[in-house]
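Thanks for asking me to look this one over with you. Have the sequence and the 3D view open while you read, and take the points in order.

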Amino acid sequence: MSSLMSQIESVKTAIDKIGQFANSEEKDILIKLTGIIEEMANRIEKMENIQGEINEYVTILDENLGNMEDEIYGFEEEEEEFDPFDYVDIKCSECGEILAVEKELINSEKSIICPNCHNNISIKN
Ligand SMILES: [Zn+2]
């Protein structure tokens, strides 16, 4: 039982106890009021349950949508990583090895080490 329902139950019990002292008309009004409050609490409880189910459903939908996005757009992102326009061919002056160097690296580094002969290749002219 929710705390709201148990609070209503304790109010109903309290009304029953004071019923002996109040006149019957007042008691009737109090009983009707608690009846209305009880029905409201029941409806709130139902709405909370439905909302919980909707939240679960939305979470599952969001996960599925994320998976679909990965499948649809993930491949393109992978292609972008290997975009040949992001690379520049640099020829090693010592061994003649042609190295595909990232443009970003060329902008940030002054020189690179040839993986073939370990020659220090200057990439800033
Ligand atoms: Zn080399």
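This is a predicted model: local features need pLDDT of at least 70, side-chain atom pairs count only at pLDDT 80 or more; totals for chains, interfaces and linings use all residues.

1. Let us begin with the charged pairs. How many salt bridges does the structure hold? There are three. Two of them involve K12: one is with E9, at 3.8 Å from N to O, and another is with E38, at 3.1 Å from N to O.

2. Look at the K12 and E9 pair within helix 1, which covers residues 3-18. These two residues are three apart in that helix, so about one helical turn separates them. Both ends of the pair are partly exposed: K12 has a relative accessible area of 29%, and E9 has 33%.

3. Now turn to K12 and E38, whose side chains form a salt bridge of 3.1 Å, N to O. K12 belongs to helix 1 and E38 to helix 2, so this pair ties together parts that lie 26 residues apart in sequence. Helix 2 runs over residues 24-81. The side chains of E38 and K12 are also joined by a polar contact of 3.1 Å.

4. Which residues does E38 contact, leaving aside its neighbours within four places in sequence? They are M5, I8, E9 and K12. With E38 selected in your viewer, you can pick out these four contacts one after another.

5. The remaining pair to visit is E39 with R43, where the closest N and O atoms are 2.7 Å apart in a salt bridge. Both residues sit in helix 2, four residues apart, so they are separated by about one helical turn. E39 is partly exposed, at 43% relative accessible area, while R43 is exposed, at 54%. Stepping back to the shared partners, salt bridges join E9, K12 and E38 into one network.

6. Next come the nonpolar side chains. In soluble globular proteins, nonpolar side chains tend to be buried together. Here, the largest nonpolar core has nine residues: I90, C92, L99, V101, I106, I112, C114, I121 and I123. Not counting residues up to four places away in sequence, V101 touches D86, Y87, V88, I90, I106 and I112.

7. Which element gives the most to the patch? Helix 2 does, with six residues.

8. Finally, have a look at E102, in strand 2 (residues 98-102). Is E102 buried, partly exposed or exposed? At 41% relative accessibility, E102 counts as partly exposed. Leaving aside neighbours within four places in sequence, E102 is in contact with D86 and Y87. V88 is 14 residues from E102 along the chain, and the C-alpha atoms of the two are separated by 6.3 Å.

Notes: Residues are numbered from 1 along each chain as its sequence is written. Side-chain values use heavy atoms; hydrogens and water are left out. A polar contact is a pair of N or O atoms within 3.5 Å; within protein, one must be able to donate a hydrogen and the other to accept it, and residues adjacent in sequence count only if both atoms are side-chain atoms. Contact means heavy atoms within 4.5 Å. A salt bridge is a side-chain nitrogen of Lys or Arg within 4 Å of a carboxyl oxygen of Asp or Glu. Buried means under 20% relative accessible area, exposed over 50%, partly exposed in between (1.4 Å probe, protein chains only). A nonpolar core is a set of buried Ala, Val, Leu, Ile, Met, Phe, Trp, Tyr and Cys residues joined through side-chain atoms within 4.5 Å.
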